[in-house]
Amino acid sequence: DTDKFKPLEDLDYLRKKLDFESKQIVAFIGVFAEWQGLDFLIETSPHVIDKKPDTVFLLVGDGSLKDKLVDKVEAIGVLDHFVFTGFVPHDQVPSFINLSDLCVVPKKPLKSGYSPLKLYEYMACGKPIIATRTGGFEILETSGAGILVDYNNVHEFSNSILRLLQDENLRKQMGENGLKYAVENCSWTNVAERLEQVLTESCYFTKKKESNIHL
């Protein structure tokens, strides 16, 4: 929904509420499930924090793994750099995405691949994305909207996060590329128009075939 998921301004109230006024934000939004690969994100975080101490990892959502993830963050000594918001109403999600400097999709690769709605929501908000290299995410590279990394390659993941955090122009360009792609190809209006075209063409060829049979 590109009327809801879009670039937003005037988020100073939320930044102040979360004490993010002098921070750079790496965000994940979604359910805390095994296949989301959040363990991988947490294992990567110390390498980022070592080079960029002003980095905060914003995890928006909830799920059965939340307590385990909090314990892991505490165990490796980076709890001060993580914020777990808990469940957030869907109409507030665009604000949290827009608050971030970049968004991540560290999913565990599946043979079947993924088609996650959050990928397009991030893009529609004009945010650069780092995702794991798996089926369905190729669009990030072809559209120039983000970076793909190998799952469990902590070095590659941390370097990609640092690259984006340290390069405002690259973040801006990738965000603009993603926004353009999402609006032109992934909005509900665009999808509905394409579906209508497919159905119209299907009806045309069906009628033409029936007409030939009658002849």
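**Salt bridges**

I started by counting salt bridges and got eight, taking a salt bridge as a side-chain nitrogen of Lys or Arg within 4 Å of a carboxyl oxygen of Asp or Glu. I am working on a predicted model, where local features need pLDDT of at least 70, side-chain atom pairs count only at pLDDT 80 or more, and totals for chains, interfaces and linings use all residues. My numbering runs from 1 along each chain as its sequence is written, and side-chain values use heavy atoms, with hydrogens and water left out.

I looked at R133 next. R133 forms a salt bridge with D150, and the closest N and O atoms are 2.6 Å apart. I noted that this pair links distant parts of the chain: R133 lies in the loop between β5 (129-132) and α6 (139-143), D150 in the loop between β6 (146-149) and α7 (154-165), 17 residues apart. For these labels I use DSSP runs numbered from the N terminus, helices being H or I of at least four residues and strands E of at least two.

R133 also meets E156 in a salt bridge, at 3.9 Å from N to O. That pair, too, links distant parts of the chain, with E156 in helix α7, 23 residues from R133.

Then I asked how covered these side chains are. I call a residue buried under 20% relative accessible area, exposed over 50% and partly exposed in between (1.4 Å probe, protein chains only). R133 is partly exposed at 37%, D150 is partly exposed at 35%, and E156 is partly exposed at 22%.

I also checked E184, which forms a salt bridge with K180, closest N and O atoms 3.2 Å apart. Both sit in helix α8 (residues 168-185), and because they are four residues apart, about one helical turn separates them. E184 is partly exposed, at 42% relative accessibility. Elsewhere, salt bridges that share partners join D39, E43 and K72 into one network.

**Whole chain**

I counted nine helices and six strands in the protein chain. Of its 215 residues, 46% are buried. I took contact to mean heavy atoms within 4.5 Å. Among contacts between residues at least 6 apart in sequence, 73% join residues at least 24 apart. The chain exposes about 11700 Å², and carbon and sulfur atoms supply 51% of that; the areas come from the Shrake-Rupley method with a 1.4 Å probe, and for residues only the protein chains shown count as cover.

**D10**

Is D10 buried or exposed? D10 is exposed, with a relative accessible area of 69%. I placed D10 in the segment before α1 (12-17).

**V73**

Where is V73? I found V73 in helix α3 (residues 66-75). V73 is buried, with a relative accessible area of 0%. Leaving out residues up to four places away in sequence, V73 touches I42, V78, L79, F82 and F84. I also looked up the C-alpha atoms of V73 and P46: they are separated by 9.8 Å, and the two residues are 27 apart along the chain.
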